[in-house]
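Please look at the sequence and the structure shown here before reading the report.

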Amino acid sequence: MAYRLLTPLEITFEKRHLDRHPEGGKAFGCFAMHHAIILPTYDKCLHIHSFYTPQVSLPNCKRDMSFSFSPLPLTNPQEILLDLSPFILIHKNGRIERLVGEEILPPSNDPTTGVRSKDVQISPETGLSARLYLPLAEAPEQKKLPVLIYFHGGGFVAATAFSAMFQPYLNKLALEAKTLIISVDYRRAPEHLYPAAFDDSWDAIKWVAAHATMNGDEPWLNKYADFERVFFGGESSGANICHQMGMRIGSGQDMVPFNDRVKLAGIVLIHPYFWGETLIGGEVVADVKERNILEKLWWVMNPSLSGLDDPLVNPGTDPNLSKLGCGRVLVFVAEKDLLRDRGWYYYEAVGKSGWKGRVEIVESNGEGHAFHLFTPFGENASALYKTMSSFINGDK
């Protein structure tokens, strides 16, 4: 039996998850580790099925490091008002239990990539903040770097910009793409309903843009940011936010901080969280429980939603899609992701909308949802970084 050292993102267990998955605990023989741990490498029976939630699969299975939308078995279901696992549980007593993204890492000087990160507060009134990533080796005194404003995933209800799952990935991306990254910590539902997350994201964009005069309150932006090469990016629900922010740019909404010094060059959507009233592609045969979770999350985030064909959920229904406010769009989908067909649908809808830009799509074979967060140094994740780097740096 071979052994290897796993990164914190590959395996992080919390005792409450192992309590719900006792077989997972038996298979691994460990629990509750928030740092790198050494585990046996099983070739025939180990299947990592969802965020920090081990499950034992059948013999001869393939290890699948990605996120699953499958609900979790609950120890005390009678205590739960609304089961939105594997994201959150809303208890009858009002307590909200988040099941993913609760492991936090502080900012750091990463020895592997040479990327430095730090946290900044943007709005004391709302608590809006962000984590910045600067690739030091690519930031000499006179060199300006492209800017990537990043919106994390989590179904609008889970994870933060400071969650452990994002830091190795964004460190690697900052280095690979030679990019200054601003990862936005927006407010989450159900405590903060729509449009809180979107308004926070827009406020963060305006805060970044206000530094184009080089007189802002954040020295990294004043010194290193190339405001003619600004990009938005995100995965899952963050990719949805990314698109909606591109639409706000295109509509000219509240553009006071934007001028000739600031240009949205492109947006990057990784495994975007879109949906619709009519099922398409693999959604038709998908597990109904997984589909229900994806639908319920929209109503938890926005109880006043007009329906699942609202342009917020289904951009293909937006009559103003052609006004998307950038010249380039890059979409990533994953072969085994339940949201795969929505990414393809978005790609086709943008291309047919009359929008004058260029849209590209890349599919990762054999991968599931958000796989790049679990294996940030894997082959397909590396290919994702390289494609993003070319996209970001190809419009100098």
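The model is a predicted one, and its secondary structure comes to 10 helices and 15 strands. Of the 396 residues of the chain, 59% count as buried, and among the contacts with a separation of 6 or more, 71% are between residues 24 or more positions apart.

Two packed helices are described by the angle between their axes and the distance between the axes. For helix H3 and helix H10 the angle is about 45 degrees, and the axes lie 9 Å apart. The crossing of H3 past H10 is right-handed.

| Helix | Range | Residues in the contact |
|---|---|---|
| H3 | residues 167–177 | Tyr169, Lys172, Leu173, Glu176, Ala177 |
| H10 | residues 379–393 | Leu384, Tyr385, Lys386, Met388, Ser389, Ile392, Asn393 |

Sorted by class, this contact of H3 with H10 has 7 nonpolar, 2 polar and 3 charged residues.

The largest nonpolar core has 111 residues, and those that touch the most other members are Phe151, Tyr169, Phe232, Ile267, Trp298, Val329 and Met388. Helix H4, residues 196–209, gives the largest share of this core, with 8 residues. Tyr169 and Met388, named here for the core, also take part in the contact between H3 and H10. Leaving aside residues up to four places away in sequence, Val329 touches Ile267, Leu269, Leu324, Tyr346, Trp355, Arg358, Val359, Glu360 and Phe391.

Conventions: Residues are numbered from 1 along each chain as its sequence is written. This is a predicted model: local features need pLDDT of at least 70, side-chain atom pairs count only at pLDDT 80 or more; totals for chains, interfaces and linings use all residues. Side-chain values use heavy atoms; hydrogens and water are left out. Axes are lines fitted to C-alpha atoms, for helices over the stretch in contact, and angles run from 0 to 180 degrees between N-to-C directions. Helices (H or I, at least four residues) and strands (E, at least two) are DSSP runs, numbered from the N terminus. A crossing is left-handed if the near helix is turned anticlockwise from the far one by less than a right angle, and right-handed if clockwise. Contact means heavy atoms within 4.5 Å. Ala, Val, Leu, Ile, Met, Phe, Trp, Tyr, Cys and Pro count as nonpolar, Asp, Glu, Lys and Arg as charged, and the others, Gly among them, as polar. A nonpolar core is a set of buried Ala, Val, Leu, Ile, Met, Phe, Trp, Tyr and Cys residues joined through side-chain atoms within 4.5 Å. Buried means under 20% relative accessible area, exposed over 50%, partly exposed in between (1.4 Å probe, protein chains only).
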